[in-house]
Amino acid sequence: MSVRLEAEVVHLEGDCGVEDAEPLLVLLQADRFRTVDLDRVDRLHTAVFQVLFALRPPLQGQSPDLFVRERLLPILS
Amino acid sequence: MDDLLHHFIVEAKELIQQASDDLLALERRPFDPHRLDSAFRAVHTLKGSVGLFDLKPLGDLLHAAEDLLAAARADGLDLDAAALGALFACLEASERWVGAVEANGDLPPDAPEKADALAAGVRSLLDTPNPSLAAVASRADAAWADALFDALRGSDPAAAASGRPLTAIRYEPRPDCFFSGDDPLGLMRSVPELAALKVSARDPWPPAGSFDPFACNLVIEALSGAPHPDVAAVFRFVPDQVRFLVRDAEPAPAVASAPSGAQGPDSGPPAGPRTVRVEAGRIDRLADLVGELIVAKNALAHLVDAAGRVGEDVDWTGKLAAHHAVIDRLAGDLHAAVVDVRMLPLRDIFRRFPRTVREIGARLGKTVGLTVSGEDIEADKTVIDALSEPLVHVLRNAIDHGVEPGEVRLEAGKSPEATITLRASRFGNRLSIEVSDDGRGIDPARIRRVAAERAVVAPDRLAAMSDDDILDLVFTPGFSTSGSVTDLSGRGVGMDAVRAAVESLGGRVSVLSRPGHGTTVKMDLPTSVVMTQIMSVEAGGRVHGVLMDSIIETAAIRRDRIAPVGSGRAFVLRNRTVPLVHLSALLDGPERDSLAQDVKVLVVRVGSEPVGVAVDRFIDRMDVMMRPMTGILAGAPGLIGTTIQGDGSVLMVLDIAELIG
Amino acid sequence: MATVLIVDDSKLARIVATKALTALQPDWERVEAGNADEALAVVGERQIDLVLIDFNMPGRDGLDLAAELRSRHPDMPIALITANVQDEVIARARAINATFVGKPLTEDALRAFVSGAALRLRKAQA
């Protein structure tokens, strides 16, 4: 499971593929202020990124992946 | 010098050279868009760098040149002789001014005035009021790239000013691209040398409740430092959704790529850039060799361990010999690889000669073409660097004295345009460079006359000299046969300086002439200069160099351990009696017995025997470039050569074994 | 549940494709065809949800087949499998909305196409 809700924090983990965009959206539509944790994200499919980009939930964590950390997260913050 | 300024000067010279090369090519082939682009980029980049310093006249000048080139680029404006002439004048002034900045830290006082005049000349050629309008219009739809670039300059100035062109990418994925399996940001991940990434929404986002996660509504823009084809390759499956724009390099102040500034401002020679560009493969080779050397060193450590264990029956001689052979080979290879790193193509100095010749010819009212061959031949950086000035002088001489005025040439049945041939060739590790002109040649009778007038040679000797020997007199200090003193030759360095420079590299220079047909100056040089390790020592109040190779060890021997033996003296070193001589005595100089308790001794090998040579002081070990002995000292026993020290004084390098023997 | 048609003249290539697909979507049913005509026959007979087509095939090539299938099934996910392609081929493939998948066909190479296709199928069923 790449999208997981735990104690009101949405965790994105590992390879987040295109199919993860919908569950993420559903979780954020339910509560726009849920924090999304990116501490264990390796890949972020554009569709998943787009959900974060459009809905702008609070984010936490630093992905171990250089591209995600250095290139994508700055765009979301 | 300020590091930034230093890099600016290095770069400015390269850019001016590049622009000159391009313009010379355009002079031959007027409609070469690549050359035009290249010239424009060089001038554009240089202008940008100039802006970092307080050099406004230079900036103004380059701005005008840039406008003219931009107009030519945008409108297909023909760079006719007048335009090329104006541009050459700008480049020539730029080069002089950069030289002035290097030498004095500032532009010459008349620069503002000159810049105005030259810029006005350039602008008069731009007949339309705003010639670069077309260029601006064609860039109008590239505002996105400009915005990206500006953002990059703000966030990462080093990347923005890397000095290389940047490829701007604008990728608008189709809304249904996710269904085709596209992952647009995944593609961005594969973009080589990504420098900036920007994402925006193509259309305003719908309310969260009606958001479609599978419709891509993003516009992705990015900058890459990689060449356009490499970037485009990433997007080959979505060519309909992506646009590229190659941005010229931002003026690079070279800060980002500057070598470490760890050295103090006073270290190293004061003049000239110390940067060498080295092909990556040669560095790799060095790295490989160092790796092997480390392995060999580790193997030696094992051997040391083994030696420490008692009672092992080992063939030490054999093992040590094997290790020595490996390290010996590696040391040799490493030396060769280092020499190779220092090898540069002659092109580095040859490439500016076409313009030099053009300028000198123009100033003297002579049309001269230059043919160059052998520019790919490589030689040690020391040789290359030292050759530049003498060659310019030889070229000047050829144009000034060798080439006849056009009408004289026509009368002689020659083409009015003279040709100078600069030809380099390589035989083994010797380099031959010839400068030939098709001018009037040298008249031996005239040389004889001038030599007699100036009393360069005694009259009886002069009379006895053959014509070939007579020609060689042009290399005599103070000799000049020019009837009229021009502002080009006849001053500053003469042919004697050329000979001195070539000989200091271990080379020879000679001149050949066929009266009426031309003159050839031929230089014969080593391709590499071998650095020799010496130790400098003082004896009898004078400093000498001694080859490190000949020294077994240095020792301080207590005076009371030195005993008279026969007619001389000797001391005991590790149970062996070693004869002792004083270096001053060997050189027939005064032997001053110092009162020091210890006598400083070089132990050298003479034949198979060690001999002690007492000196007053050990000074330093150094790597020097040796000049062989010439003139009356050539062949003097015990003298190997001379070397110029940092302070300009000459150090004699001794072969002690030969002195003793 | 979906049915995939694998079109390739090489039996070995079909086995490789099958393996990769099984790893990604073990539930999907797989049907094979050795050339374009066979493929068209299969599509006429039964429900096919997505197609993997080898670009280089004797007779009618993969791109022709893809164009033919596209005209019959506007929304069917179609992948063209190829080792190297020229730009004009890419342009034509984009025009009929086919996805390129690189050779050798691996799980990784196929993953993006398969997940996109799964997405489309799910949307179509919803």
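What percentage of the contacts in chain A between residues at least 6 apart in sequence join residues at least 24 apart? The share is 53%. The views below are taken from a predicted model.

**View 1. Fold of chain A.** Chain A contains four strands and three helices. Their order along the sequence is β-β-α-β-α-β-α. Chain A has 77 residues, of which 36% count as buried.

**View 2. Loop around A:Glu8.** A:Glu8 sits in the loop of chain A between β1 (3-6) and β2 (9-16). A:Glu8 is not a glycine, yet its phi is positive, near 65°. Most residues other than glycine have a negative phi. A:Glu8 has 10 other C-beta atoms within 10 Å and is therefore exposed, the limit for this class being 12 or fewer.

**View 3. Loop around C:Asn97.** In chain C, the loop between α4 (87-95) and β5 (99-102) holds C:Asn97. The phi of C:Asn97, again a residue other than glycine, is positive and near 60°. C:Asn97 counts as partly exposed because 17 C-beta neighbours lie inside 10 Å.

**View 4. The side of chain B that touches chain A.** Here 18 residues of chain B are in contact with 20 residues of chain A. Two elements of chain B, α9 (184-189) and β2 (194-201), each give two or more residues to this side. The largest share, four residues, comes from α9(B). By class, this side of chain B has 13 nonpolar residues, three polar residues and two charged residues.

Key:
Residues numbered from 1 in each chain as written. Chains lettered and ligands numbered in written order. Predicted model: local features only at pLDDT ≥ 70, side-chain atom pairs only at ≥ 80, totals over all residues. Contact = placed C-beta atoms within 7 Å. Nonpolar A, V, L, I, M, F, W, Y, C, P; charged D, E, K, R; others polar. Buried ≥ 20, exposed ≤ 12 C-beta atoms within 10 Å, placed from the backbone.
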